[in-house]
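Please consult the sequence and the structure shown here while reading.

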Amino acid sequence: MKYTYKPSTVCAMEIHFDIDGNVITNIEFVGGCNGNLKAISKLVDGWTVDEIESKLLGNTCGRRPTSCADQLAKAVREAYNNTVNA
């Protein structure tokens, strides 16, 4: 299932990805630090929601209390919870 998440307090405007059970693939950020976000997307492609959360949740960017990586962790958890409760 394709999922779109609107992150907050970061440069990226949207995060798109596919979720199949608890596996995340085809991650794409709209906006943000293009090279870094492409790298993150490739590195975590095929990971589970728990794996992404364990590595990225709580990551910050400068003085911000969050980051695009942290927002991705929140996005995949939200998507997973929405599919389980659907």
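E14 lies in strand β2; helices (H or I, at least four residues) and strands (E, at least two) are DSSP runs, numbered from the N terminus. The model is predicted, so local features need pLDDT of at least 70 and side-chain atom pairs count only at pLDDT 80 or more, while totals for chains, interfaces and linings use all residues. Residues are numbered from 1 along each chain as its sequence is written, and side-chain values use heavy atoms, with hydrogens and water left out.

Through its side chain, E14 makes a polar contact of 2.9 Å with the side chain of H16. A polar contact is a pair of N or O atoms within 3.5 Å; within protein, one must be able to donate a hydrogen and the other to accept it, and residues adjacent in sequence count only if both atoms are side-chain atoms. Leaving aside residues up to four places away in sequence, E14 touches T4, Y5, K6, P7, E28, F29 and V30, where contact means heavy atoms within 4.5 Å.

## The sheet

The open sheet has three strands in the order β1-β2-β3, and the pairing is antiparallel. Its edge strands are β1 (2-5) and β3, each of which pairs on one side only. On average, neighbouring strands of this sheet are turned by 20° against each other, direction ignored. Two strands pair if DSSP finds at least two bridges between them. In a regular strand the side chains alternate between the two faces of the sheet.

Four bridges join β1 and β2 in the antiparallel sense, and Y5 stands opposite I15 in β2. Helix α3 (residues 68-84) packs on the sheet, touching β1, β2 and β3, and its direction makes about 45° with that of β2. For such angles, axes are lines fitted to C-alpha atoms, for helices over the stretch in contact, and angles run from 0 to 180 degrees between N-to-C directions.

## The hairpin and the backbone

Strand β2 (residues 12-20) and strand β3 (residues 23-31) pair in the antiparallel sense over seven bridges. The two form a hairpin with two residues between them, and D20 stands opposite V23 in β3. In the turn, G21 has a positive phi of about 70°.

Most residues other than glycine have a negative phi. T9, in the loop between β1 and β2, has a positive phi of about 65° although it is not a glycine. N26, found in strand β3, is also not a glycine and has a positive phi of about 55°.

## Helices at the largest pocket

Residues of the lining of the largest pocket come from several places: α1 (34-44) and α3 each supply at least two. The most is given by α1, with three residues.
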